[in-house]
Amino acid sequence: MKYYVVSDPHGYCTYLKKALEEAGFFDETEPCKLIVCGDLLDRGSEAQELISFMLELMEKGRLIYILGNHEELLVQCLQEISRGGVYEIACGMSHHFLNRTWDSLLQISEMSEAEAYRNPYELVRRVMRSTFYKRLLPTCVDYYETPRYIFTHGWIPCMTSGVKPYTRYTYNPDWRNADVTDWQRARWFNGMELACRHHVKEPDKTIVCGHWHTSYGHSKIAHSGSEWGADANFAPFAANGILAIDASTPNSRRVNCVVIED
């Protein structure tokens with residue numbers, strides 16, 4: 001099977017489709033699937049277009065959607081609004097505002113900010129009845145595995161000890177049976193750090209991940225270019241046991257798409 005793999009499109013449907021077009025996805029005549037390694041929304045203004053495109057692929061059996069930390073943030077944001085926390089979110093006093101989850105809810109609900117602020121429960125109702133919440137989100141998985149690859153968002157769950165900044169991470173051979181809390185934590189991991197500095201890897205496999213901008217790996221680990229400057233490299237970062245692909249689309253204006261056959 002051929003897999004087209006992307007991560008962290010963050011609401012930028014145009015850049016995602018451009019990456020898929022350049023990779024040949026739309027010209028495929030043989031069976032293939034798109035793997036999205038999480039963080040479909042938040043940041044860009046094309047949430048509705050992106051959701052429609054994902055639904056189209058899902059209905060054709062061509063989508064594998066992996067749960068990212070921003071998918072979880074969206075659910076958490078809805079819960080906070082339901083508990084009366086809309087003021088803090090809408091007025092910028094919450095990480096849900098800074099992470100642009102609030103903006104994604106406005107796009108999904110098709111409500112203006114003023115309307116949502118006046119009637120936050122209608123916002124919650126519309127989002128929870130949306131195709132994204134009812135049809136796409138329930139299809140999310142923690143990871144997807146093939147004979148040679150594992151696809152996930154941040155990294156696989158691992159064992160931790162010590163306190164920051166001296167936390168140690170070690171491989172957990174039973175990570176596939178990790179509980180919800182362990183997966184929630186793993187979605188925030190910097191896979192490049194875990195693989196290259198803590199040596200948490202899956203034996204004989206490559207983990208394909210997103211979540212953390214690849215310029216970090218090129219700059220901090222490979223010592224090539226800067227992390228955010230004009231010479232920052234947002235191309236995929238590959239090392240032993242890892243292929244990181246988050247291009248930091250809001251900054252680079254691109255989506256990385258890798259093609260894998262397995």
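A: Let us begin with the lining. In this predicted model, the largest pocket is lined by 13 residues, of which Lys164, Tyr169, Trp188, Phe189 and Asn190 lie nearest its centre.

Q: How much space lies in the largest pocket, and how does its lining divide by class?

A: The space in the largest pocket is about 330 Å³. Its lining has six nonpolar, four polar and three charged residues.

Q: Which residues lie nearest the centre of the second largest pocket?

A: They are His10, Arg43, His70, His211 and Asp246, from a lining of 18 residues. The volume of this second largest pocket is about 250 Å³. Its lining comprises five nonpolar, nine polar and four charged residues. Helices α3 (69-82) and α13 (249-252) each supply at least two residues of that lining.

Q: Which strands are joined to β1 by bridges?

A: Strand β2 (residues 32-36) runs parallel to β1 and is joined to it by five bridges; in this pairing Tyr4 stands opposite Leu34. Strand β11 (residues 258-261) runs antiparallel to β1, with four bridges between them, and here Tyr3 stands opposite Ile260.

Q: What unit do β1, helix α1 and β2 make?

A: Together with helix α1 (residues 13-23), the strands β1 and β2 make a right-handed β-α-β unit.

Terms used: Residues are numbered from 1 along each chain as its sequence is written. This is a predicted model: local features need pLDDT of at least 70, side-chain atom pairs count only at pLDDT 80 or more; totals for chains, interfaces and linings use all residues. Side-chain values use heavy atoms; hydrogens and water are left out. On a 1 Å grid over the protein atoms alone, a cavity is a set of points where a 1.4 Å probe fits but cannot get out, and a pocket is an open set with protein on both sides within 12 Å along at least five of seven lines; lining residues have an atom within 4 Å of a point. Grid points are joined across faces, edges and corners, and a volume is the space filled by probe spheres set on the points. Ala, Val, Leu, Ile, Met, Phe, Trp, Tyr, Cys and Pro count as nonpolar, Asp, Glu, Lys and Arg as charged, and the others, Gly among them, as polar. Two strands pair if DSSP finds at least two bridges between them. A crossover is right-handed if, with the strands pointing away from the viewer, the path from the first strand over the helix to the second runs clockwise.
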